[in-house]
Amino acid sequence: MNDLLSLIALPAFWSGNEPSQIILIVLDALLGMLNLDFVYARLESPGEAASVELLRMSESWRLKLPAPEICSVLRIWFQDEAEKPFSPVRKRLWDEDISVIPVPLGINGGMGTIVAASERASFPEQTESLLLSVAANQATVGLHEARLLTAQKQLAMDLDRRVAERTVEVATTNQELRREIVERALVEARLRHEEQEVKQKEEALAKARSELAKMVQITSLGVLTASIAHEINQPLSGIVTNASTCLRMLSADPPNIDGARETVRRTIRDGNRAADVITRLRALYSKKEPSPEFMDLNEAAREVTALSMSELQRSTVVLREELEDDLPSVFGDRVQLQQVIFNLLRNAADAMRTVEDRPRELTLRTRRDGENRVQLSVKDAGVGITPQAAEKIFDAFYTTKSDGMGIGLSVSRSIIEAHQGRLWATANDGPGCTFWFAIPCNPQALADGEPGLKQADSSADAA
Ligand SMILES: Nc1ncnc2c1ncn2[C@@H]1O[C@H](COP(=O)(O)OP(=O)(O)OP(=O)(O)O)[C@@H](O)[C@H]1O
Ligand SMILES: [Mg+2]
């Protein structure tokens, strides 16, 4: 009974051990418990071709035969014995008769075999068989658990290995991501820097255009100075003459009241004329922001010709105005469009300066074209434009004049394009050439795509 209890308690000693150690514990227990001469075990490992052999011997048998020899004899004896459990046999080994009994481990000895041997002829007695059977069962359960444990450990190791591999992969990916983030930040910084540079260049360009446009105005003003002086001088001398006449009439005896009243009226009229000239000049050259509005192009053109009249007369230019009645209004910046007209008139007059053999005729014409646009043309009888020059006249700084800057036409073209229009030149059938511009007059079309009006200065692309 004690032996049985000892066998049942064995698992407490081998928990967590390897299969071979479990079997050694069982073999030691059986050797002592059953007073055996030797006890042998062969362990089969799943998936492994070679089996493990273990042997425990009594002191006396240890001196009789070396362990490897006993193992090889038992191997031959019990090759198939596992299929016939608990069949004790009497064998002869080293001049000794011994009783040996194979006990299978697991179903049909699938896990191995234990072979117990004793010189006693009565071996195994009934209790001994029982103890052997219990020991084999305990060993089988232990082996099974050990195998499960080994499989579990293997699984845990596999898991650990896979986790480690995955961790390395994740770390690598993280590193790549971090590198990409750094690269991206660098690219963004470079883009921001480039954006800043573009912005600075745009600002510099806008500034340059602004200065250029200012120069156009100043140049135009210089040329206008003479005509302004003339325009204002006329009403001023009229005022002085009328005022003296009025004084004379009032000092007469009796005073000529009606005459004086008339001269005062004329004085007022001349004063108004001078004021008109100033108003028109201020409208043209005050530094205003572009302010697009629906406007009458005929009226704008008339204001420019009124201001240019003295200059034209001095250059003996004959101006003909053919302004179409009921011209639809256009949506645009009055001052900018007047700058364009003024430059066209000046260029035409300049082109006729050397003409002596024919009238210096200049025709300013407006009309509505077939594409719902208003067209303005300035035709002269000047020197004309050669085909080579025709390609360059709209370039900034192209000029053939000693006092010209060559930016009038380039700025004009920018202004007209900002009004969604077109500015171009054609040769006349006869002498001279004609400059044209056309801008849309359809309010709906303009409402759909507001003209990209910019300040005259900022639209001078060509400059
Ligand atoms: N009506 C014209 N007939 C012949 N040539 C012309 C005519 N208009 C312009 N040109 C030529 O085109 C050139 C450029 O004209 P643009 O108005 O751009 O500059 P500019 O008149 O020379 O100087 P500014 O900058 O003072 O206007 C002129 O110098 C001239 O050679
Ligand atoms: Mg010009």
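Trainee: Where does Pro254 lie in the chain?

Mentor: Pro254 sits in the loop between H6 and helix H7, which covers 257–285. Keep in mind that we are reading a predicted model.

Trainee: And what kind of peptide bond joins Asp253 and Pro254?

Mentor: The bond between Asp253 and Pro254 is cis, with omega at about 0 degrees. Another cis bond joins Phe123 and Pro124, where omega is about -5 degrees. Pro124 belongs to the loop between strand E5 (112–118) and helix H6 (126–251).

Trainee: Before we go on, how many helices and strands does the protein chain have?

Mentor: The chain comes to 12 helices and 12 strands. Of its 463 residues, 30% are buried.

Trainee: What average pLDDT does the protein chain have?

Mentor: The average is 84, and 86% of the residues score at least 70. Take care over residues 454–463, though: the pLDDT there is below 50, and the stretch has 41 contacts in the model beyond near neighbours in sequence.

Trainee: Now to helix packing. At what angle do helix H9 and helix H11 pack?

Mentor: Here is the general idea first: the angle between the axes and the distance between them describe two packed helices. In our case, H9 (residues 334–351) and H11 (residues 408–418) pack at about 145 degrees, and their axes are 9 Å apart. The crossing of H9 past H11 is left-handed.

Trainee: Which residues of H9 and H11 make the contact?

Mentor: H9 brings Gln336, Gln339, Val340, Asn343 and Asn347, while H11 brings Gly408, Ser412, Ile415 and Ile416. By class, three residues in this contact are nonpolar, six are polar and none is charged.

Trainee: Let's turn to strands. In which sense do E11 and E12 pair, parallel or antiparallel?

Mentor: Strand E11 (residues 422–427) and strand E12 (residues 433–440) are antiparallel, paired over six bridges. Look for Trp424, which stands opposite Trp436 in E12. The two strands form a hairpin with five residues between them, and Gly432 in the turn has a positive phi of about 85 degrees.

Trainee: Which value does phi of Asn35 take, positive or negative?

Mentor: Phi of Asn35 is positive, near 50 degrees, in a residue other than glycine. You will find Asn35 in the loop between helix H3 (19–33) and strand E1 (38–43).

Trainee: Is Asn35 buried or exposed, and why?

Mentor: Asn35 is exposed because it has 12 other C-beta atoms within 10 Å, and the cut-off for exposed is 12 or fewer. Thr316 is also worth a look: its phi is positive, about 50 degrees, although it is not a glycine. Thr316 counts as exposed, with 12 C-beta neighbours inside 10 Å.

Key: Residues numbered from 1 in each chain as written. Chains lettered and ligands numbered in written order. Predicted model: local features only at pLDDT ≥ 70, side-chain atom pairs only at ≥ 80, totals over all residues. pLDDT = per-residue confidence, 0-100. Contact = placed C-beta atoms within 7 Å. Axes fitted to C-alpha atoms, helices over the stretch in contact; angles between N-to-C directions. Helix = DSSP H or I, 4+ residues; strand = E, 2+ residues; numbered from the N terminus. Left-handed = near helix turned anticlockwise from the far one by under 90°. Nonpolar A, V, L, I, M, F, W, Y, C, P; charged D, E, K, R; others polar. Pairing = 2+ DSSP bridges. Buried ≥ 20, exposed ≤ 12 C-beta atoms within 10 Å, placed from the backbone.
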